[in-house]
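Hi,

Here is the structure I promised to pass on.

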Amino acid sequence: MSVLLAAVESGSLSKASRHLRLPLATVSRKVAELEAHLNATLLIRSANGLELTPAGRSYVTSAKAILEQLNEAERTAAGEYREPRGDLTVTAPIMFGRMHVLPIVAGFLSAFPDVAVELVLTDRLTRFVDDQVDVALRIGALPDSGLIATRLGTVRRLICASPDYLATHGAPTTPDDLARHSVISFRTVSSATIWTFEAAGAEIAVSFRSRLSVNTIDAAIDAGLSGFGLIRANSYQVVDHVRGDRLAVVLKAFEPSPLPVHLVYDTHSRLPLKLRAFIDFVAPRLRERLTQAAL
C-alpha cells in the first residue's frame with residue numbers, strides 16, 4: 001500500500017523509488033504483485049505519468065485510511081505522542097537559515113534531546129514529498145496547497161548602495177534612474193535585468209543593464225559595500241550594514257510590498273509531537289528575530 005501511494009502521489013514509479021529509497025525494479029515489482037493479489041489493474045502508465053483506474057481510485061482511498069490508522073498506532077506505541085522524539089527535516093533559505101534558523105534549531109535540540117534535525121539550507125524551492133521535508137521556512141507569497149502555514153512576519157525588499165558610491169554618482173530618485181547607474185544583480189532574488197517596484201498602488205517593472213551579475217547574495221552585498229553600485233536585497237540580509245551606515249537605502253518611495261515569512265508544514269489528523277514541539281519552539285523566536293531585524 002505504501003509503495004502504491006508513493007507512486008500515485010509522486011506521479012511516477014521512478015520518483016517513488018527515489019522517495020522510498022528503493023530500486024526502481026523493486027517498486028515496479030511490488031505494484032505488480034499487489035495488482036496480481038487483487039486480480040485488478042490499479043495503475044495505467046501513460047505519456048502524462050501514472051493514472052489510476054476506477055478500481056485503483058477506490059483502493060487508494062481505502063489504503064490511505066488504513067495506513068493513517070497504522071501510523072497512528074505505531075506513533076502511540078513508540079511514545080511519539082507522549083514525548084517529542086524522532087527525526088525532522090527542515091529547510092530554509094541559505095542566508096536566513098544561517099543567520100536566524102540555525103541558532104534557534106540549536107536551542108531546540110538542547111531542549112529536546114530525543115529529536116534529531118536535518119537542516120537543509122537551500123535557495124531552491126523544496127517539495128515536501130520528493131525531498132522528504134517536514135517543515136520549511138518560506139519567504140514570499142505562498143501558492144494554494146494542502147499545507148499548513150504559520151505566519152512569522154515580513155521582510156522588505158530594499159535597493160542599497162554604499163555612501164561612497166552615492167556621493168560619487170548621486171542617489172537615484174525614480175526607478176528609471178537605474179539606466180544611468182551601475183547595478184549589481186543577484187539572479188536568485190530577482191531577474192538579472194528587471195527589478196519590480198510599486199507606484200500609486202501599481203507594480204512597475206524596470207529593465208536595466210546589469211554591470212555585475214553574481215549567484216550568491218553574499219557576493220552582491222560585498223560588491224555593494226565596495227562601492228561598485230546598487231544592489232537589491234531583503235532587509236534581514238543588510239540590516240547590520242544599513243544600521244552601521246555602510247549601506248544606504250534608496251528609492252524608498254517605490255519599494256514593493258514586504259514579503260511574508262511563514263513556517264510551512266504538512267499535517268494529518270494528528271500532528272506528531274516532535275513537529276508540534278518544533279513549531280511551538282521555533283515560531284515565537286523567529287518572530288522576535290524578524291522584529292529585531294526590521295528596518
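Before the details, one term you'll want: a helix crossing is called right-handed if the near helix is turned clockwise from the far one by less than a right angle, and left-handed if anticlockwise. Also keep in mind that this is a predicted model.

H7 covers residues 217-225, and its axis comes within 11 Å of the axis of H8, the two crossing at roughly 25 degrees. Angles under 35 degrees count as roughly parallel, so that is how H7 and H8 run relative to each other. The crossing of H7 past H8 is right-handed. On the H7 side the residues involved are Ile-217, Ile-221 and Leu-225, and they meet Gln-237, Val-238 and His-241 of H8. Sorted by class, that contact is made of four nonpolar residues, two polar ones and no charged ones.

H8 has several buried residues: Ser-235, Tyr-236, Gln-237, Val-238, Val-239 and Val-242. Val-238 turns up again in the largest nonpolar core, which has 44 residues; it is listed there with Leu-137, Leu-263, Phe-278 and Leu-286 as having the most contacts inside the core. The biggest giver to this core is helix H9, residues 273-292, with nine residues. As background, nonpolar side chains in soluble globular proteins tend to be buried together.

Next, the backbone. Most residues other than glycine have a negative phi, and that is the reason I stopped at a couple of spots here. Just after H8, Asp-245 takes a positive phi of about 60 degrees. Asp-245 sits in the loop between H8 (235-243) and strand E13 (248-250). Leu-251 also has a positive phi, near 55 degrees, and its place is the loop between E13 and strand E14 (259-265). Which of these is buried and which exposed? Asp-245 has 60% relative accessibility, over the 50% cut-off, so it counts as exposed. Leu-251, with a relative accessible area of 7%, is under the 20% cut-off and therefore buried.

Ile-139 belongs to strand E5, residues 135-139, and at 25% relative accessibility it counts as partly exposed. What does Ile-139 touch, leaving aside neighbours within four places in sequence? The list is Pro-93, Phe-96, Val-155, Tyr-236, Leu-259, Pro-260 and Val-261. Pro-258 is 119 residues away from Ile-139 along the chain, yet their C-alpha atoms are separated by 10.0 Å.

The other one is Asn-234, in strand E12 (residues 230-234). Asn-234 is buried, with a relative accessible area of 9%. Not counting residues up to four places away in sequence, Asn-234 touches Val-155, Arg-156, Arg-157 and Leu-259.

Cheers

Definitions and conventions: Residues numbered from 1 in each chain as written. Predicted model: local features only at pLDDT ≥ 70, side-chain atom pairs only at ≥ 80, totals over all residues. Heavy atoms only, no water. Core = buried A, V, L, I, M, F, W, Y, C linked by side-chain atoms within 4.5 Å. Buried < 20%, exposed > 50% of the residue type's maximum accessible area, 1.4 Å probe, protein only. Helix = DSSP H or I, 4+ residues; strand = E, 2+ residues; numbered from the N terminus. Axes fitted to C-alpha atoms, helices over the stretch in contact; angles between N-to-C directions. Parallel < 35°, antiparallel > 145°, perpendicular 65-115°, else oblique. Contact = heavy atoms within 4.5 Å. Nonpolar A, V, L, I, M, F, W, Y, C, P; charged D, E, K, R; others polar.
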